[in-house]
Amino acid sequence: MKLRFWGVRGSTPTPVAENFRYGGNTSCVEVRSPKGEIIILDCGTGFRSLGKQLLQEYGHRSIEAYVFLSHYHWDHIQGIPFFEPLYNPENCFYFHSFPGHRCTVQQALEEQMSDPYFPVNMSVMEARRQFHNIENETISFKDAVLKTVPLNHPQGCVGFRIESGGSVIVYATDNEPGSAQHDSNVRRLAEGADVLIYDAQYTPLEYVNFKKGWGHSTWREAVNIAKEAQVKQLVLFHHDPDHSDNFLETIVGEAQKFFPNVVAAWEGLEIDISRKEHLHPPDQAERRASNRESFKIPLLVQGKGKDGIPFVEHTTLENLSIRGAYFLLENDPAPDDLLDVEFLGRTNAPDGSPASKLLRPIKSQLIRKYPVELPDKTKHGIAVVFR
Ligand SMILES: [Zn+2]
Ligand SMILES: [Zn+2]
């Protein structure tokens, strides 16, 4: 099985500069079974980007996918109206969740597109859509089995365990610890998982002081579950909207003291379980491999040359990913020293605003360097990941 994270944020999308590395889209995880069946866990705003990728991948071929919604809070359904494959009659989607207190799965999803919340209602989505109440705890696919258990969250929530060919992925988000029944549910669900994706919205201090009863968990509880259930890889998920990239790095550092195989999910993270390739914290080169966007922003780069002499060079950003950047330099930086990469694109931003923080140099580690022939001279193509 393979999985890919399209949205990792909890509660509300947060497209701000300080969340750029981990991403601001809300919950959406794609799982592919060995035979290629598509299983989608939650439809937050990350679902929109998944739709675009599926269109690219399938071209004129029809798309069939199984969609599982942990519950109906906005951060788990808001991508649905913007998921383009739902507007093509050739496609087919099977939505699964539990019925709400006052409505069925179908009603719960149609209501977010009803007048006056959305310009068209769900009937303009021409793809075949089927809605299933999760009543049985186990659902079988061609080459995978999905099991569910109730989690502890306002208005209810379910966690999912997908098993295929001896591999196990567990997705348990929006779960508050402290209820004996649910605590036991989530440990049973996670038993021996290759990958556990778990709600780590708050720090233990935030939880104890301000967030009890809000329906979410902490990295500390995530670690407890991972250890007790003998999980191989823990992925912290559903990041708080107010937790910046730097803050998340701190959380991962804390969590690693108790459980080494832990990462915080970022948009674009892919895990191929059959190849066991991510059953360790991914290295910097892998983090660089996420999607790149082309940007032309002036940069100021400071570092040390191979001769140990410091340099400062103005250049232009060529492209940017969540994890790193690529640009050209005349200087030849030493491979083992960090580079300070300063974005100079928004010098008018008021002090203290999120945009002004962009101007702080981002410590960056060089991962690849090669000569680039330009009409007048040779420069060095520099790929870095942000630290
Ligand atoms: Zn949520
Ligand atoms: Zn929720």
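Which residues are buried in helix α4, residues 180–190? They are H182, N185, V186, L189 and A190. Buried here means that 20 or more other C-beta atoms lie within 10 Å of the residue's own; exposed means 12 or fewer, partly exposed is in between, and C-beta atoms are placed from the backbone. Helices (H or I, at least four residues) and strands (E, at least two) are DSSP runs, numbered from the N terminus.

Before I go on, a word on the source. This is a predicted model, in which local features need pLDDT of at least 70 and side-chain atom pairs count only at pLDDT 80 or more, while totals for chains, interfaces and linings use all residues. Residues are numbered from 1 along each chain as its sequence is written, and chains are lettered from A and ligands numbered from 1 in the order in which they are written.

Back to α4. Seen down the helix axis, the buried residues of α4 fall within an arc of 120 degrees, so they line one face of the helix; the arc is that of the directions from the axis to the C-beta atoms. A180, Q181 and S184, on the other side, are exposed. The cover over the buried residues includes β8 (145–151), β9 (157–164), β10 (167–172), β11 (195–199) and α6 (219–228). After α4 comes G192, with a positive phi near 65 degrees.

Two of those covering strands, β8 and β9, pair in the antiparallel sense over seven bridges. Pairing requires that DSSP finds at least two bridges between the strands. L151 stands opposite C157 in β9. The two strands form a hairpin with five residues between them, and Q155 in the turn has a positive phi of about 70 degrees. β7 covers residues 138–140, and three bridges join it to β8, antiparallel. T138 has K147 as its bridge partner in β8.

Now the whole protein. It has nine helices and 21 strands. Its radius of gyration is 22 Å, close to the 21 Å that the globule rule gives for 387 residues, so it is as compact as a globular protein of that length. That radius is taken over C-alpha atoms, and the rule is 2.2 Å times the number of residues to the power 0.38. Of the 387 residues, 42% count as buried.

The domain assignment gives domain 1 (2–282) and domain 2 (292–386); such bounds come from an automatic or database assignment. The domain centres, taken over C-alpha atoms, are separated by 34 Å.

A nonpolar core is a set of buried Ala, Val, Leu, Ile, Met, Phe, Trp, Tyr and Cys residues joined through C-beta atoms within 7 Å. The largest core has 74 residues, of which I169, L196, L236 and A265 touch the most other members. Apart from it lies another core of 16 residues, among them L329, F343, L366 and I382.

Lastly, some backbone details. Most residues other than glycine have a negative phi, and most peptide bonds are trans. D115 and P116 are joined by a cis peptide bond, with omega about 5 degrees. Q230 has a positive phi, near 55 degrees, and H238 has a positive phi near 60 degrees. Are these two buried or exposed? Q230 is exposed, with 10 other C-beta atoms within 10 Å, whereas H238 is buried, with 29 C-beta neighbours inside 10 Å.

Technical notes: Two residues are in contact if their C-beta atoms, placed from the backbone, lie within 7 Å.
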